[in-house]
Amino acid sequence: MTQDELKQAVAEAAVAYILPMLETDTIVGVGTGSTANLFIDELAKHKGLFDGTVASSEASAERLKKHGIPVYNLNSVDSIRVYVDGADESNDHLHLIKGGGAALTREKIVAACSDEFVCIADESKLVKVLGDFPLPVEIIPMARGHVARELVKLGGDPVYREGVVTDNGNHILDVYNLEILDPIALEKSIDGIVGVVTNGLFAKRSADVLLLATKDGVKTLK
Ligand code: 5RP
């Protein structure tokens with residue numbers, strides 16, 4: 001199977017997983033990226049079954065609206081029953097690296113507000129130790145030099161993601177060469193740097209479930 005076929009399989013599995021949760025007042029949190037896009041397309045087949053969605057990016061909101069699925073402002077909903085999103089890496093504890101699509105801040109906010117976080121990924125994303133994928137860090141633009149120097153002190157090699165402005169009007173540093181043995185501690189340390197908006201470690205609030213597409217089928221890891 002190709003990686004695209006694996007992504008399609010896990011998108012379908014995610015819809016099957018959340019179908020029992022869908023009621024007329026259910027709000028679904030929707031992530032960002034190519035796997036999340038396939039999930040949106042599958043979710044659209046059931047749009048009459050639930051109330052609407054909260055999206056983690058402008059791009060996902062636009063795709064949802066094109067399907068005729070309502071998209072709510074997070075501040076106008078009471079709760080999000082389930083959040084479905086992809087990842088750049090996951091370890092066995094379902095600690096994640098996210099933000100390859102620069103949507104990490106809104107993704108982390110929606111994940112924090114959701115009763116259950118279902119991560120959807122193909123098997124290439126499962127790793128023993130996080131850090132082969134460069135860790136995205138969203139920063140206030142004027143703090144770029146300061147944050148970069150602090151990230152070097154933490155052992156990383158930050159690289160400015162040229163030409164990218166997040167939905168929040170900020171910039172991204174991608175931090176290379178981190179071997180992330182304690183993701184929760186590193187997430188807290190990076191959050192403590194002045195000028196950092198969010199870092200792409202989702203360890204303090206990890207995924208609750210990982211649906212992992214493999215050549216032998218979609219596996220459920222908890
Ligand atoms: C966007 C993300 C995505 O979930 C992550 O980059 C995975 O994307 P894809 O499904 O395209 O591989 O965190 O900010």
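In helix 3 (residues 58-66), the residues Ser-60, Ala-61, Arg-63 and Leu-64 are buried, a residue counting as buried if 20 or more other C-beta atoms lie within 10 Å of its own, as exposed if 12 or fewer do, and as partly exposed in between, with C-beta atoms placed from the backbone. Viewed down the axis of helix 3, these buried residues fall within an arc of 165 degrees, so they line one face of the helix; the arc is that of the directions from the helix axis to the C-beta atoms. An α-helix has 3.6 residues a turn, so residues three or four places apart point the same way. The face of helix 3 turned away from the buried side carries the exposed residues Glu-62 and Lys-66. The cover over the buried residues of helix 3 includes strand 1 (27-30), helix 2 (34-43) and strand 2 (52-55). Just after helix 3, Gly-68 takes a positive phi of about 80 degrees.

The model is predicted: local features need pLDDT of at least 70 and side-chain atom pairs count only at pLDDT 80 or more, while totals for chains, interfaces and linings use all residues. Residues are numbered from 1 along each chain as its sequence is written. Helices (H or I, at least four residues) and strands (E, at least two) are DSSP runs, numbered from the N terminus.

Helix 5 (residues 144-153) can be read in a similar way. Its buried residues are Val-147, Ala-148 and Leu-151. They cover an arc of only 100 degrees around the axis, which puts them on the same side of helix 5. Exposed residues Gly-145, Arg-149, Val-152 and Lys-153 are carried on the face of helix 5 turned away from its buried side. Among the elements covering the buried residues of helix 5 are strand 7 (135-139), strand 8 (157-160), strand 9 (171-176) and strand 10 (196-199). Gly-155, which follows helix 5, has a positive phi near 100 degrees.

The ligand has 17 residues around it, of which Gly-33, Thr-35, Gly-86, Gly-100 and Gly-101 come nearest; a residue is near a molecule if its C-beta atom, placed from the backbone, lies within 6 Å of it. Helix 2 and helix 4 (104-112) are the elements that give two or more residues to this shell.

As for the chain, it has six helices and 13 strands. Buried residues make up 48% of its 222 residues. Along its principal axes, the C-alpha trace spans about 50 × 40 × 30 Å.

Key: Contact = placed C-beta atoms within 7 Å.
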